[in-house]
Amino acid sequence: MTDLALEELRAAYRRDYDPYADRSIADHLAELADRRVDKPVSYSARGNGCWVLTDYDDVSDLLRRNNRGVVSFPNEPDGLNLSGARDKQIPIELDGPEHREIRRVLDPLFGPRKVAELEDRLREECNRLIDGFIEDGRCDFVSSFAVPFPGATVLAIMGWPPEDLEMMNGWADVLLHGVPGGTEEESNAARGRTHQEFAAYMARKIPEWRAAPRKDDVMSVMLDAEIGGKKLTDDQLFDFSVLMMMAGLDTVQSVLARSAVYFAERPDQWDRMFENPDLVPTAVEELLRWATPPVPTRTITDDHLEIRGVKIPQGERVHAPLGSANRDPKYYENPDEIVFDRPVKPHLAFGVGTHRCVGLHLARLELAIAFEELHRRIGKFELDPEQPVPHEHLGLAWGVLDVHLRFAPGSRELS
Ligand code: HEM
């Protein structure tokens, strides 16, 4: 396709979209819902430019095409927050045989049986965190639970040292949220410093772990993993560790925090979720559909890819907001409502195709444990009227920065 023809195609489908625009998540979803009717496939010239999908089937078809006409690099909405050249992140930005090789190593480590072995440890961690705030009758649910709980989970499955948990949670908090109340520059500077501290930590630890006897945790296995006959370098292991921290933390914390906001306002639904133990897994799936944090992107590698009759040429980037797919009224009646016993249409919160989330069994277990233990220990809660209302954030995963809750104080259990 000539440059002119490409410009004409882009112009014909032009409707700009800013995935980082400072608007509420509900407003973003309303914008995507409007586009689903007006221009289900559109071109946004913002940033480095990308095509924007909105419909469930279009998003699902695109993601299923990995290795057949599309690749996953760069996995960012519009390329704007790419900080210059960098390697492809393992496994999310790898494709083809390299990606298959690494998923063959990772998948068994995150299988349902393997993950179930962590249940007791996770329940204990959950109760330790609840002990930290239950006597106060109030907490910022995000900093005291929604961030540290998945942090502890990632640490456990990776096999990182338990004594480093607090330090890692501190790093994760800065990487995810920057400096609360600070400027964009202050936040970016803090993220840069944290990145360096985490890199220095890993630069010390990786050689120690390489020299130590192997265990059956993810880090041990990755130390010996190979791509194309070559062991992973220290840099690759570091990038993988950053991805695990972000992929495992940002997502689970977002679903937990957004669910806490929802249940604070809908105590009837909170009680309903526990009327019958079988309802918890179903409710978790519905909360995942409704909250859907990540927003993946693909790059077209075939001569062109046809979506709804639009022939999008090689090299174009296509943004696939899973949250929009998961609120497509074609499959979900009253999509903005949380309905625990909806007719089953598998949601796309974990993605689909070759890159479908490695950690989905772990995420489901974490969410179920967290809700069960919070319900057992805290029962009813509400948004604290004396504190600011929750602040949402966008980015590579949509979520909430703070959720101040108030509830009847209870007693500690573990100490
Ligand atoms: C609510 C929780 C979670 C959600 C909604 C979620 C969602 C996703 C999605 C949508 C993808 C695919 C992205 C794409 O196609 O570009 C993905 C990939 C991935 N997730 Fe998750 N995730 C969650 C939890 C976790 C956890 C707990 C871990 C690990 C500790 C994890 C590790 C990963 C990894 C490593 C990938 C890359 C897989 C690949 O590229 O082959 N995720 N996740």
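The legends below describe close-up views of a predicted model and its ligand. Local features need pLDDT of at least 70 and side-chain atom pairs count only at pLDDT 80 or more, whereas totals for chains, interfaces and linings use all residues. Residues are numbered from 1 along each chain as its sequence is written, and side-chain values use heavy atoms, with hydrogens and water left out.

**View 1. The iron atom of the ligand and its protein donor, Cys357.** The SG atom of Cys357, 2.3 Å away, is the single donor that the protein gives to the iron atom; donors are N, O and S atoms within 2.8 Å of the metal (3.2 Å for Na, K and Ca), and since water is not among the atoms, sites may look incomplete. Cys357 is found in the loop between α15 (322-325) and α16 (360-378), where helices (H or I, at least four residues) and strands (E, at least two) are DSSP runs numbered from the N terminus.

View 2. An N or O atom in the side chain of His355 is 2.5 Å from a ligand oxygen, and for Asn75 the corresponding separation is 2.7 Å. The side chain of Arg103 likewise places an N or O atom 2.7 Å from an oxygen atom of the ligand.

**View 3. The salt bridge between Arg10 and Glu316.** The closest N and O atoms of this pair are 2.7 Å apart, a salt bridge being a side-chain nitrogen of Lys or Arg within 4 Å of a carboxyl oxygen of Asp or Glu. Arg10 and Glu316 are both buried (under 20% relative accessible area, with exposed over 50% and partly exposed in between; 1.4 Å probe, protein chains only).

**View 4. The salt bridge between Arg376 and Glu373 in helix α16.** The N to O distance is 2.9 Å, and the two residues, three apart in the helix, are separated by about one helical turn. Arg376 is partly exposed at 47% relative accessible area, whereas Glu373, at 6%, counts as buried.

Terms used:
A polar contact is a pair of N or O atoms within 3.5 Å; within protein, one must be able to donate a hydrogen and the other to accept it, and residues adjacent in sequence count only if both atoms are side-chain atoms.
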